[in-house]
Amino acid sequence: MSETLLIEARGVRKHFPVRTTSFGPAPLVRAVDGVDLGIRKGETLGLVGESGCGKSTLGRLFLRLLEPTSGEILHKGIDLTSLRRKELRVQRRDLQIIFQDPFGSLNPRKTVGAIIAEAYAIHGLGTRAERVRWVAQTLDLVSLPREAAQRYPHEFSGGQRQRIGIARALALKPEFIVCDEAVSALDVSVQSQIINLMQDLQQELGLTYLFISHNLAVVRHISTRIAVMYLGRIVELANADALFARPVHPYTRALLSAVPVSHPDLPRHRHILRGDVPSATAVPTGCRFAPRCAFAEPRCRETDPALATLDDGRAVACIRAADGTLPD
Amino acid sequence: MHNRSFVLGVSLVLFVALVAIFADVLAPYDPLRSNFRTRFVAPNAEHWFGTDHFGRDLLSRVIYGGRVSLTIGFFVVLVTGIAGTAIGAIAGYFRRLDNPLMRLMDALMAFPAILLAIVISAVLGASIVNVVIALSIATSPHTARIVRGSVLVVREMEYVEAGRALGASELRLLFGHVLINALAPLIVRLTYVFAIAILAEAVLSYIGVGPPPPTPTFGNIIAGERDFMETAPWTMIFPGLAIVISVLGLNLLGDGLRDVLDPRMKL
Amino acid sequence: MTDVLAVEGLTVRLTAHPDRSSILDDVSFSVAAGEVLGIVGESGSGKSMLALSVMGLLPPALTIRAGRIAVLGDELAGRSRQAWRAHRGRDMAMIFQEPMTSLNPVMRVGAQITEVLRWRGGLGRSEAWQRAFELLEQVEIPSPRSRLNAFPHELSGGMRQRVMIAIALAASPKLLIADEPSTALDVTVQAQILDLLRNLQRQSGLAMILITHDLGVIAEIADRVMVLYAGRVAETAPVRAIFNAPAHPYTQVLLGSIPDIDAPRSRLVTIPGTVPDALHMPPGCRFAPRCRFRQPRCEHAPPALRALSTDHKAACLYASGELAVPA
């Protein structure tokens, strides 16, 4: 695994105006509020956070499925945000996505074969015979029978539909795949099948994943590095093992401690977070986590901490962590 | 298909359609031929529906009237279908055009449909073509709204986003993904439009802005015999029944289609 | 100690097609006061139908064909709606997965709580409001006074779930059934809700049934566990026994297929195939087609739930040592 960055987000922001009936400036939902994140070739970058933190939005911004309000997305040096439609389409061959919902992510009125072959039709690749062959090969990759190409999505189970979604994502032989809660809607026993499949495919095809999930156990299992998001910002970025062994950012600590233990005999150390996540339309000034942070000091409300690299290589957005005054 | 109303609806509609198509073969007499010796004959063995005030065979007139009325209905459905879908799809899919288009539709819908049709028909003159135009304008806005509604929902489905991720253009997404899945409510709406067209044509004819005689339509047969309601009631009853059967059949068909096309029932 | 709930041989079938495979088949279990029973199952296991059966809330498409359901000793299966209603809301209460759809969106939160108090508890108006306030405090909702007047959509998911718990507790039930109460919630909120449930349960000696697919939640809060597969009981045991020595092959695979956050990473165990659907239930053991220990005997008849040790039962010929498995 090289250190070269395959795709990088720089200063990316996505603000949605909220449609209100009253006049005046609309309040902004700051879904993603200044993210710098580089993903290395061959790695699986896990992106975790709770609902409303902006992780799904960030995933889509990487693919420019949403237009960033500001910032750049660099793919092999090319800024996706500056491309016109035709050039972007060419880039899209390398950048794909797998969705969470195995039911809503497949067009119910198209056959499986048509769903996958559309990728080739869009880019004008191959003759009809070649496309049939490619579809069959892609179905092989995800361990689905070749006859599946003639059937409709509703004839398959949730796990199989997720495989179809993966096959579609693989059709154009991409290098980078965003997995947006790709296993969250599946039963546990099916989940493990899909996780194993995704790991195998990564090995075989040299894929790079951005794995978005709220399930920390799964993320830990599959990721090389993990980024923790809170209210539109990345608050910690570290190697998976390092993050779980020693979470630094107070939010990461609370998050990890909230995960149910995996065995009844294991002790629980809960950092119970009080209150709820503030609305993304009313982001607190200074450090956005300060109002709920057990270690907050007055200066935390004044400075908005940037993601700073610590000695052990991880990055944390916390002024107390940066100057070493954060207690363990 | 154990949906009884659907089956009944299909049967009635098929029956009426077949009669209209094979009018030439089925009608015993020339609908336009008057015969003053056989005026106001009550229904008997030679004239199953009796005759009208010109001595014309009512059965033949009703059969040919069906052809005209159904043709009007068919073209109204065609025009409304195309126009309504186009407007609704564009309004639903392209946010910036949504407001201007739908406000225009709202303006048209502010007028009662019949009134609108009457005014347009009166302005353009009474003819089959103008009736089709008038009724299409009257029924398109609601059709557009229905299509827009479906498009709004389907547009947000993840498979549309997936298509975008593959590099599909917005037009390809609109036609290849969104519209295909938005069609069900449209089809149901169009069967009702057909029924509305038949009824509305009858109203227009009754008032005098429908297709002019002697060409028979369900509506203008009734309109023409209006003065003889008491003395020769059969002259209004039979065309009236024809309207009832056609509209009932279409309504049942529409209801049945709505259930059949409901994707939840399929799974 | 009498059981708050005793279910024996519960079988539920489709009302219109009683000849087809059962949705729930011969399910037996009990819950004592002060105990938390965790029911684990994936989709198609029948766990939600089990909860609805116990509450007497089965949809008309399903009927209880056999078995006993005894609430506080009162036998309820096959009795009238009145009989169920006498217990529902008073002795047993239920909370659901989706608080947004379980709360009336056009009714203020306080009104929904007082409705139960006045109708079930027979309290007068001002007493009911006072008690509602106390309940909101008990479920640890901040600023309870103002929240009484809030509508459900004004509250966050965690808050709404707390309101649901308050409504459930309003009539002081002896049994609380929680159907995936924290699944739709964020991890940190889930931790809060589970803590709350645990505390409430300890304080009041409530018997609780917690239905979930999340084994972590089971490990946190359950005393005993029942594993359901395709409408049948696969295994029941105290919680430690389930984690330390799972006997049924399905339980073993279930545990192995979840990434263990505390252990070094290893490849996940997978089970081939999928849960059978109601129309194509296998004869005999319903897990057999996917089981690596299966033998022809397994397909003849459903294996009985046998005791492997005190309080640890499994419905599996392999687990109870009745199969000769080649090494």
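In strand β9 of chain A, R225(A) is the bridge partner of L45(A). This pairing belongs to the contact between β3(A) and strand β9 (residues 225-230) of chain A, which pair in the parallel sense over 4 bridges. The model described here is predicted.

**Strand β3 of chain A**

- Strand β3 of chain A covers residues 44-48 and is mostly covered, with 5 of its 5 residues buried.
- T44(A), G46(A) and V48(A) point one way from β3(A), while L45(A) and L47(A) point the other way. The residues on both faces are buried.
- Besides its pairing with β9(A), β3(A) is joined by 5 bridges to strand β8 (residues 208-213) of chain A. The strands β3(A) and β8(A) run parallel.

**Chain B as a whole**

- The secondary structure of chain B consists of 11 helices and 0 strands.
- Along the principal axes, the C-alpha atoms of chain B fill a box of roughly 75 × 45 × 25 Å.
- Chain B has 267 residues, of which 49% are buried.
- Among the contacts in chain B between residues at least 6 apart in sequence, 68% join residues at least 24 apart.

**Helices α3 and α8 of chain B**

- Helix α3 (residues 58-93) of chain B and helix α8 (residues 170-207) of chain B have axes that come within 8 Å and cross at roughly 145 degrees. The crossing of α3(B) and α8(B) is right-handed.
- On the α3(B) side, the residues that meet α8(B) include S69(B), I72(B), G73(B), V76(B) and Y93(B). On the α8(B) side, the residues that meet α3(B) include L174(B), V178(B), L186(B), F194(B) and E201(B).
- By class, the contact of α3(B) with α8(B) has 14 nonpolar, 5 polar and 1 charged residues.

**Helix α5 of chain B**

- Helix α5 (residues 113-124) of chain B has 12 residues, which at 1.5 Å a residue should span 16 Å. The end C-alpha atoms of α5(B) are 16 Å apart, so the two values agree.
- The buried residues in α5(B) include L116(B), A117(B), I118(B), I120(B) and S121(B).
- The buried residues of α5(B) pack against α4 (95-109), α6 (128-155) and α8 of chain B.
- Just after α5(B), G125(B) takes a positive phi of about 105 degrees.

**The sheet of chain C**

- In chain C, 4 strands form an open sheet in the order β2-β1-β4-β5, with antiparallel pairing.
- The edges of this sheet are β2 (24-32) and β5 (74-75) of chain C. Each has a single partner strand, so one side of each is left without a neighbour in the sheet.
- Strand β1 (residues 3-14) of chain C and strand β4 (residues 62-71) of chain C run antiparallel and are joined by 8 bridges. A6(C) stands opposite A70(C) in β4(C).
- Helix α1 (residues 47-55) of chain C lies across β1, β2 and β4 of chain C, and runs at about 115 degrees to β1(C).

**Contacts between chains**

- There are 2 pairs of chains in contact, and chains A and C share the most contacts.
- The contact between chains A and C joins 34 residues of chain A to 34 residues of chain C. On the side of chain A that touches chain C, α6 (188-205), α7 (216-222) and α9 (250-258) each supply at least two residues. Helix α6(A) gives the most to this side, with 7 residues.
- The side of chain A that touches chain C has 17 nonpolar, 11 polar and 6 charged residues.
- The contact of chain A with chain B takes 20 residues from chain A and 16 residues from chain B. The elements of chain A that give two or more residues to this contact are α2 (85-92), β6 (95-98) and α3 (112-123). Helix α3(A) gives the most, with 4 residues.
- The side of chain A that touches chain B divides into 8 nonpolar, 6 polar and 6 charged residues.
- No contact joins chain B and chain C, and their closest C-alpha atoms lie 14 Å apart.

Technical notes
Residues numbered from 1 in each chain as written. Chains lettered and ligands numbered in written order. Predicted model: local features only at pLDDT ≥ 70, side-chain atom pairs only at ≥ 80, totals over all residues. Contact = placed C-beta atoms within 7 Å. Nonpolar A, V, L, I, M, F, W, Y, C, P; charged D, E, K, R; others polar. Buried ≥ 20, exposed ≤ 12 C-beta atoms within 10 Å, placed from the backbone. Axes fitted to C-alpha atoms, helices over the stretch in contact; angles between N-to-C directions. Left-handed = near helix turned anticlockwise from the far one by under 90°. Pairing = 2+ DSSP bridges. Expected span 1.5 Å × (residues − 1).
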